[in-house]
Amino acid sequence: MSQVQPKQHASPIRSEQHALEVAAQLAQQFREGAAARDRERELPHSPLQTLFQSGLGGITVPQAYGGIAVSTATLVSVITLISEADAAIGQVPQNHYYALEVLRVNGSESQKQRLYREVLTGVHLGNALAEFSSRTAHQ
């Protein structure tokens, strides 16, 4: 079980075209209020929850694990659409998709089964890294 459970299960994304359509719809929604959130330095908690509940967080999950494994070009287009609407939202999934790639390349079978299943339900993966030059980078 992951540390964070989604409040609602993610909607399934059925195809690359569907991913692009969902991203375009969300971009329209996220554009509204983006400037105010940025000006007020408001973290986009609700829009991020909406993003991962949309199913877009699972678009790189391999087909063997229930995903659709979109092409890199489609992933870039999805992130571009979201980022053009609100860059604060568009940059957040970077670590999520990176973690999924690390899982694909280096994960054990049991890790893949568990984590891909969680991601397909809307769990958002993240990380905690320190800058190399910081005092705690090597602890």
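Predicted model: local features only at pLDDT ≥ 70, side-chain atom pairs only at ≥ 80, totals over all residues.

Me: Among contacts between residues at least 6 apart in sequence, what share joins residues at least 24 apart?
Reply: The contacts in question are pairs with heavy atoms within 4.5 Å. In the protein chain, the share that joins residues at least 24 apart is 70%.

Me: Are H1 and H3 roughly parallel or antiparallel to each other?
Reply: Helix H1 spans residues 16–31 and helix H3 residues 45–53, and their axes come within 11 Å. The axes cross at roughly 175°, and an angle over 145 degrees counts as roughly antiparallel. H1 and H3 are therefore roughly antiparallel.

Me: How many nonpolar, polar and charged residues make the contact of H1 with H3?
Reply: From H1 come Leu26, Gln29 and Phe30, and from H3 come Pro47, Thr50 and Leu51. Sorted by class, the contact of H1 with H3 has four nonpolar, two polar and no charged residues.

Me: How do H6 and H7 run, roughly parallel or antiparallel?
Reply: Helix H6 (residues 93–106) packs with helix H7 (residues 109–120), their axes 10 Å apart and at an angle of about 155°. That angle makes the pair roughly antiparallel.

Me: Is the crossing of H6 and H7 left-handed or right-handed, and which residues of H7 make the contact?
Reply: The crossing of H6 and H7 is left-handed. On the H6 side, the contact is made by His96, Leu100, Leu103 and Arg104. By class, the contact of H6 with H7 divides into five nonpolar, two polar and two charged residues. The H7 residues are Gln111, Lys112, Leu115, Tyr116 and Val119.

Me: Is His18 buried or exposed, and which backbone nitrogen lies 3.1 Å from a polar atom of its side chain?
Reply: His18 sits in helix H1 and is buried, with a relative accessible area of 14%. Leaving out residues up to four places away in sequence, His18 touches Pro12 and Ile13. The backbone nitrogen 3.1 Å from a polar atom of the His18 side chain belongs to Arg14.

Me: Which residue just after H3 takes a positive phi?
Reply: Its phi is about 95°. The residue is Gly55.

Me: What is the phi of Arg41, a residue other than glycine?
Reply: Most residues other than glycine have a negative phi. Arg41 lies in the loop between H2 and H3 and counts as exposed at 74% relative accessibility. Its phi is positive, near 55°.

Me: And what is the phi of Ala69?
Reply: Ala69 has its place in the loop between H3 and H4. At 33% relative accessibility, Ala69 counts as partly exposed. Its phi is again a positive value in a residue other than glycine, near 45°.

Definitions and conventions. Residues numbered from 1 in each chain as written. Heavy atoms only, no water. Axes fitted to C-alpha atoms, helices over the stretch in contact; angles between N-to-C directions. Helix = DSSP H or I, 4+ residues; strand = E, 2+ residues; numbered from the N terminus. Parallel < 35°, antiparallel > 145°, perpendicular 65-115°, else oblique. Nonpolar A, V, L, I, M, F, W, Y, C, P; charged D, E, K, R; others polar. Left-handed = near helix turned anticlockwise from the far one by under 90°. Buried < 20%, exposed > 50% of the residue type's maximum accessible area, 1.4 Å probe, protein only. Polar contact = N/O pair within 3.5 Å; in protein donor to acceptor, adjacent residues only side chain to side chain.
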